[in-house]
Amino acid sequence: MTVESPLGNTEAPAEPADTRQVIRPYGDTTGDGMVQMSFSLPVPAGKRAEAAALQLAAKMGLEPASVVHAKPMGPDFTFFIVYGRVGHLIDYASIPAPPEREYPLLAAPEVNRAIRRALGRRLVIVGACIGTDAHTVGIDAILNVKGFAGEKGLEYYGEIEVVNMGAQVTVAELVERAKAADADAVLVSQVVTQKNAHLHNTKQMAAAFHAEYPTAVAAGMGRPLLVVGGPRFDTVAPEDLGVDRIFGKGTTPAEVASYLVHALLPADALAPDPADGPTATPDDAHNATRTDAQPDDPAEGDTAP
Amino acid sequence: MAPQRKLDLDPEVVRTARRLAARAAEPIIEMARTHTTVSVERALLRLAGLSGADGEGRPWANHLADAVRDQVGLEHGVALPVWDALARGPYGSLAHLAREAARGRVKFRLPAGSDAATATDAARKAARSGITRIDRRRAERDRMLRDTGDPAQPWIYLIVATGDIYEDIPQAQAAAREGADVVAVIRSTGQSLLDFVPEGPTREGYAGTYATQDNFRLMRAALDDVSRELGRYVRLTNYASGLCMPEIATLAGLERLDMMLNDCMYGIIFRDINPRRTFVDQRFSRQIHARAGIVINTGEDNYLTTADAVDAAHTVVASQLLNERFGHEAGLTDAQLGLGHAFEINPAVPQSFRLELAHAQLVRELFPDAPLKYMPPTKHMTGNIFAGYLLDAFFNLAGVMTGQSIILIGMMTEGIHTPWLSDRDLALENVRYVRDACGGLADDFVPRPDGFVAQRARQVLGETVELLDKVAGDGMLTAIAEGTFGVTRRPADGGKGLDGVVERAPGYLNPAIEILDAEDPHGARPGAHAEQEVPA
């Protein structure tokens with residue numbers, strides 16, 4: 001399509017120069033480069049401490065900088081708030097869009113809704129630490145209500161039924177329980193890695209499931225989805241082990257739940273449904289939020305516990 | 001200052017709520033009186049002075065209790081087999097016996113006749129010496145409270161959690177100097193699921209520091225120093241929860257901790273610890289806490305991290321009434337019941353602050369003599385630290401308006417990281433401002449009769465009675481199995497630690513429990529009086 005310009009030019013108008021491809025922080029004027037930061041230094045408050053704060057700011061590229069607030073915190077520490085101008089330029093165009101996970105990260109109400117719609121029953125998962133591994137911290141972080149990184153674990157999802165078998169479960173027990181529960185997915189955690197026990201155990205587990213369900217077409221089609229997690233799986237691919245997915249260090253419950261939806265439910269399970277309305281059922285109204293740093297248990301503890 | 005009645009609650013409804021809570025608690029108490037657990041038995045050994053661990057960190061208390069269990073079972077308790085073996089020799093001490101038992105070199109038996117009488121006497125002496133040590137620590141606290149001074153409420157409660165006790169100590173002292181009245185050392189993630197208490201001073205933990213006897217002692221000593229420096233007794237808190245609740249309670253009593261998290265259902269709901277295990281362990285823990293003069297903190301605030309704070313407000317009150325009943329039965333006074341609740345309503349809910357005031361005032365009036373512990377927002381802290389700072393100020397305001405006793409200081413970096421030095425300093429600045437600006441506001445805050453706040457409070461109380469009626473009718477174990485508290489379903493035979501529960505046989509002996517059951521935990525202390533029993 002062509003546009004008539006008042007000058008009679010029939011070319012398509014040139015894009016306005018994209019100045020935003022090279023950017024600086026924005027305070028109140030384009031290009032002013034203003035940033036704020038706060039930090040503490042392990043020195044008593046005073047002029048010398050402020051000079052130290054300014055030197056740090058200069059080394060961080062803030063020029064000029066000003067200390068707008070300096071407060072003693074006990075005899076040995078000072079807290080600063082500093083504003084300053086950074087000279088750094090960011091070439092935004094050169095920043096590649098980060099690779100996206102192949103499935104969307106869902107909040108708990110969305111997961112519950114998708115399961116309700118696509119299955120009409122609760123999604124059943126069986127979790128365990130297999131072999132001699134007694135470290136349930138991984139499986140508990142994903143499954144326990146307490147959760148991990150401020151996210152509630154899968155037990156908290158109203159539409160997910162969790163069977164957590166705990167530690168030192170044999171492969172035979174796991175297969176038997178998964179069959180009895182008619183599990184949609186099996187989650188196995190492997191923390192102990194001496195003599196590559198985590199790889200051997202996982203392969204043994206996968207082989208047992210494949211043998212138990214010889215006519216299975218795929219995960220969710222004749223056999224449960226097989227998921228393994230642990231800190232030392234970064235050198236292997238799922239197909240090496242015979243599982244459907246490997247999760248590494250730092251995985252949160254929502255990532256696992258979202259993956260289960262992606263892998264086990266048809267894509268249209270996530271389509272907006274006017275009948276459901278914009279709000280979720282009360283039981284999952286607020287579970288997409290990030291945090292409960294309840295002690296103890298915490299973090300432990302249990303403030304708790 | 002005793003909180004005045006401001007909500008015009010119907011006293012008959014309040015009495016009904018307490019009666020229903022007592023009815024619901026009764027079968028659970030009966031179960032606790034007729035069962036023991038591996039941790040209750042180990043707690044007796046620790047009370048008798050057994051400490052230390054083998055080279056791999058497995059405590060001698062575990063070795064000894066396991067050896068007894070393997071050979072003669074635990075249904076009669078460890079006391080008779082252990083002190084019988086000691087009497088027969090040639091072991092110089094409990095520790096020596098435990099080391100030999102760990103090597104499989106001790107043959108235990110259930111003594112009879114005069115051997116049983118000898119073992120019983122020796123076990124009773126050992127238990128008495130432990131209880132006496134706890135009594136002395138309590139007297140020591142009373143002395144320090146007199147000599148250094150007891151801060152006025154609300155107490156400011158702060159958390160440290162570096163994982164390294166030697167890093168925690170200067171942080172706790174700094175927090176005290178900056179105004180903390182109570183310091184809590186958060187435990188390392190997952191400690192509640194360990195079926196043993198780690199040993200020694202520890203320098204590594206994940207998102208918290210292990211609860212160990214040495215860590216308790218080091219921190220209490222450091223806070224004693226700073227208490228004397230400040231002229232104000234700084235209290236120390238830890239967590240009597242998880243699979244080793246009775247042992248940790250015992251260590252807390254022996255090392256003069258002042259407050260302990262100790263909820264009747266937290267471990268069940270949030271840690272999937274078996275309900276029976278929890279209730280049996282809990283009764284012993286609370287008896288020890290009562291004796292040690294320790295204030296317990298209950299964990300109702302946690303329900304609101306999973307359930308909606310408006311919809312589930314009545315579950316908090318129901319649980320507080322249950323915790324109160326279990327606490328009274330175990331000998332805790334009202335002044336030892338730090339019942340928990342929280343400021344967790346979604347700020348996007350219209351009138352959220354008025355709803356918070358209604359809930360906080362309701363709890364204040366239901367438990368006028370309890371040192372209520374009020375918890376800051378966590379669920380709706382978003383990472384926007386500036387908005388979080390504002391929300392924390394509103395929380396502090398609600399705390400002073402409704403006369404809360406212990407205020408946990410909210411951190412604007414909640415959910416981002418464990419608090420930095422500067423996070424704590426800013427948080428204290430926040431609470432100081434609110435306290436200085438309107439510390440006496442509770443005097444002026446009288447909700448309009450039949451106004452929004454009063455009506456909401458009455459509504460929550462009404463829902464509480466309905467819920468307790470159902471819990472008392474169905475039984476607590478059934479209610480927990482159905483997900484009544486904190487959304488999660490926890491069947492009575494599921495979860496961790498059930499294999500550590502043993503029904504007591506006739507002739508079961510635990511001399512610590514004998515003392516705790518028989519004696520007034522507050523003895524001849526001035527001002528001590530028996531709690532009024534509520535008929536079931």
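Residues are numbered from 1 along each chain as its sequence is written, while chains are lettered from A and ligands numbered from 1 in the order in which they are written. In this predicted model, local features need pLDDT of at least 70 and side-chain atom pairs count only at pLDDT 80 or more, whereas totals for chains, interfaces and linings use all residues.

**Confidence**

The model has an ipTM of 0.78 and a pTM of 0.79. The pLDDT, the predictor's confidence in each residue from 0 to 100, averages 81 in chain A, where 80% of the residues score at least 70. In chain A the pLDDT stays under 50 over residues 1-17, a stretch with six contacts beyond four places in sequence; a contact requires C-beta atoms, placed from the backbone, to lie within 7 Å. Residues 276-305 of chain A also have pLDDT below 50, with 132 contacts in the model beyond near neighbours in sequence. Chain B averages 93, and 96% of its residues score at least 70. Residues 526-536 of chain B fall below 50 and have 13 contacts beyond near neighbours in sequence.

**Chain A**

Chain A holds seven helices and 14 strands; these are DSSP runs numbered from the N terminus, helices being H or I of at least four residues and strands E of at least two. Of its 305 residues, 38% count as buried, that is, with 20 or more other C-beta atoms within 10 Å of their own; 12 or fewer is exposed and anything in between partly exposed, with C-beta atoms placed from the backbone. The domain assignment, automatic or from a database, gives domain 1 (19-91) and domain 2 (108-267) in chain A. Their centres, taken over C-alpha atoms, are separated by 46 Å.

**Domains of chain B**

Chain B is assigned domain 1 (36-128) and domain 2 (149-457). The centres of these two domains, over C-alpha atoms, lie 36 Å apart. Contacts link 15 residues of domain 1 to 16 residues of domain 2. On the domain 1 side, strand E1 (35-37) and helix H2 (38-47) of chain B each supply at least two residues, and H2(B) gives the largest share, six residues. That side comprises five nonpolar, seven polar and three charged residues. Here Ala, Val, Leu, Ile, Met, Phe, Trp, Tyr, Cys and Pro count as nonpolar, Asp, Glu, Lys and Arg as charged, and the others, Gly among them, as polar.

**A helix pair in chain B**

Helices H3 (residues 60-72) and H5 (residues 94-102) of chain B pack at about 65 degrees, with axes 8 Å apart. Axes are lines fitted to C-alpha atoms, for helices over the stretch in contact, and angles run from 0 to 180 degrees between N-to-C directions. H3(B) contributes B:Trp60, B:His63, B:Leu64 and B:Ala67; residues from H5(B) include B:Leu97 and B:Arg99. The contact has eight nonpolar, one polar and one charged residues.

**Backbone features**

| Bond | Omega |
|---|---|
| A:Glu63 to A:Pro64 | about 0 degrees |
| B:Gln153 to B:Pro154 | about 5 degrees |

A:Pro64 is in strand E3 (residues 62-73) of chain A. B:Pro154 is in the loop between helix H6 (113-148) and strand E2 (155-160) of chain B.

B:Asp8, not a glycine, has a positive phi of about 55 degrees. B:Asp8 precedes helix H1 (11-34) of chain B and is exposed, with 12 other C-beta atoms within 10 Å. B:Asp450 likewise has a positive phi, near 65 degrees. B:Asp450 sits in the loop between helix H17 (441-444) and helix H18 (452-474) of chain B and counts as exposed, with 10 C-beta neighbours inside 10 Å.

Conventions:
Contact = placed C-beta atoms within 7 Å.
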